[in-house]
Amino acid sequence: MVNQGVSVNSEAMEEFVHLSVLSQEVVEGLAIRPGGRYLDATVGGGGHSRLILEAAPGVQLVAIDRDRLALDAAGSRLAEYGDAVTFWQGNFAEYQPQEMRFDGIVADLGVSSAQLDRPERGFSFRYEAPLDMRMDERQELSAEEIVNHWNEVELADIFYRYGEERFSRRIARRIVERRPLTTTTQLASAVASSMPGKSRHGKIHPATRVFQALRIAVNGELTALETFLEKAPLWLHPGGRVGIISFHSLEDRLVKHRMRDSPLLKVLTKKPITPGEAEIAHNSRSRSAKLRLFERIEPDLT
C-alpha cells in the first residue's frame with residue numbers, strides 16, 4: 001500500500017478546515033492501544049486521525065478519503081508522524097486491506113465544513129456556484145447531470161428516498177419546467193417556488209432536503225455505506241472496535257440495523273452518543289451527529 005503522492009501542503013491545510021465532531025468520544029470509544037493499527041475511513045482534515053495517533057505510542061494508521069484536497073490537508077497535518085500514516089484516495093467501500101487487520105476503525109459520514117464552505121464545490125445553496133457536489137472530482141456524474149438529464153419520476157424518487165422530502169413530486173415537476181439549471185441558486189429558487197407558502201418559511205431552507213438527496217445520489221453514499229458496513233467487521237481483529245458517526249436518519253438507521261445484525265459484532269452503545277452543549281456551541285454543525293460503537297467478537301458456531 002502506498003501513499004498515493006499525498007503532498008505536504010500548508011496552503012491545502014489552511015483551505016481545508018474541518019472541525020471533527022465527537023472527537024474525544026471516538027478516541028475513548030475505540031480504546032486506543034499502544035502499537036495498534038487503526039483505519040480512518042473518512043480522514044477529512046485529519047482531526048480524528050491526529051487524536052488516534054496521539055493517544056498511544058507506536059500507533060499505525062491508514063487514512064482514506066475520496067477528496068484529494070482533504071488528503072492533502074491531512075497529509076500536512078499528520079506529516080510529523082511520517083511512515084506511521086498511510087494515505088489512500090478512494091471510496092471506503094472499495095478499499096481492500098488484503099491481509100491487514102485493524103484494532104479500530106472510525107468513519108465520520110458527514111460532508112465536511114470545507115466542502116460546504118467552498119462555493120465551487122456546489123454542495124451549498126448559500127453561494128451561487130456550478131451544480132457539482134462530487135466528493136471525488138475524478139468521477140463523471142455531477143448534480144448538474146442529474147438535475148438536467150434525469151426524468152421527472154427519477155428526480156422525485158431520489159428526493160423522496162434520500163431527502164425524505166414530502167413535496168418531491170411537485171419539486172421534480174418544477175425543476176423539469178425550468179431546465180436547464182446550471183447553478184446552486186437557480187436550483188434552490190426552483191425548489192422554493194414549488195413549495196406551498198408555509199413550507200417556504202420553516203426552520204430550514206426549503207431546498208435543504210433536495211440538496212442532501214442530490215449529494216447522496218451523486219456520490220452513491222448509501223450504497224457505499226451498505227458495502228462498508230458489510231466489510232468493516234471483517235477488517236477488525238477480535239476485540240477491535242468500530243465507531244461510526246452519522247448525521248441524518250437514513251445513515252443512522254443503516255448503521256444501527258446492519259451492525260446490530262452482524263454476527264461478528266457486539267453493540268457497545270444501545271443509544272447513540274451525541275454532542276454536548278459545549279461542542280454544539282463551538283460547532284453548530286455537530287448538532288445532528290450520532291456516534292455508534294461496536295466491538296468485534298468471534299461468532300458462535302455452535
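1. Start with Glu221 and Arg215: both are buried, and they pair up in a salt bridge whose closest N and O atoms sit 2.8 Å apart. Keep in mind that this is a predicted model, so read these distances as computed from its atoms.

2. In total, the structure holds 19 salt bridges.

3. Are the two partners buried or exposed? Glu177 has a relative accessible area of 54%, so it counts as exposed. Arg174, at 24% relative accessibility, is partly exposed.

4. There is also a network to check: salt bridges link Arg50, Glu54 and Glu80.

5. Now the overall layout. The protein splits into domain 1 (23-108 + 222-296) and domain 2 (119-219), with 29 Å between the C-alpha centres of domain 1 and domain 2. Across the boundary, ten residues of domain 1 are in contact with 13 residues of domain 2.

6. How much area do domain 1 and domain 2 bury between them? The figure is about 970 Å², with 38% of it on carbon and sulfur atoms. On the domain 1 side, Arg66, His248 and Leu250 supply 49% of the area buried against domain 2, more than any other three residues.

7. As for polar links, the count between domain 1 and domain 2 is two salt bridges, and four residue pairs are in polar contact, both residues being at pLDDT 80 or more. Helix α12 (residues 249-260) gives three residues to the side of domain 1 that touches domain 2, the largest share. By class, that side of domain 1 has two nonpolar, four polar and four charged residues. Elsewhere on the salt-bridge list, Glu164 pairs with Arg253, the closest N and O atoms being 3.2 Å apart.

8. Last, a look at Asp103 in strand β4 (residues 102-108). Its relative accessible area is 10%, which is under the 20% cut-off, so Asp103 counts as buried. Beyond its neighbours within four places in sequence, Asp103 is in contact with several residues, including Arg33, Arg37, Tyr38, His237 and Arg241. Gly36, Leu236 and Gly240 are also in contact with Asp103.

Definitions and conventions. Residues numbered from 1 in each chain as written. Predicted model: local features only at pLDDT ≥ 70, side-chain atom pairs only at ≥ 80, totals over all residues. Heavy atoms only, no water. Domains from an automatic or database assignment. Contact = heavy atoms within 4.5 Å. Buried area = accessible area lost by both parts, 1.4 Å probe. Salt bridge = Lys/Arg side-chain N within 4 Å of Asp/Glu carboxyl O. Polar contact = N/O pair within 3.5 Å; in protein donor to acceptor, adjacent residues only side chain to side chain. Helix = DSSP H or I, 4+ residues; strand = E, 2+ residues; numbered from the N terminus. Nonpolar A, V, L, I, M, F, W, Y, C, P; charged D, E, K, R; others polar. Buried < 20%, exposed > 50% of the residue type's maximum accessible area, 1.4 Å probe, protein only.
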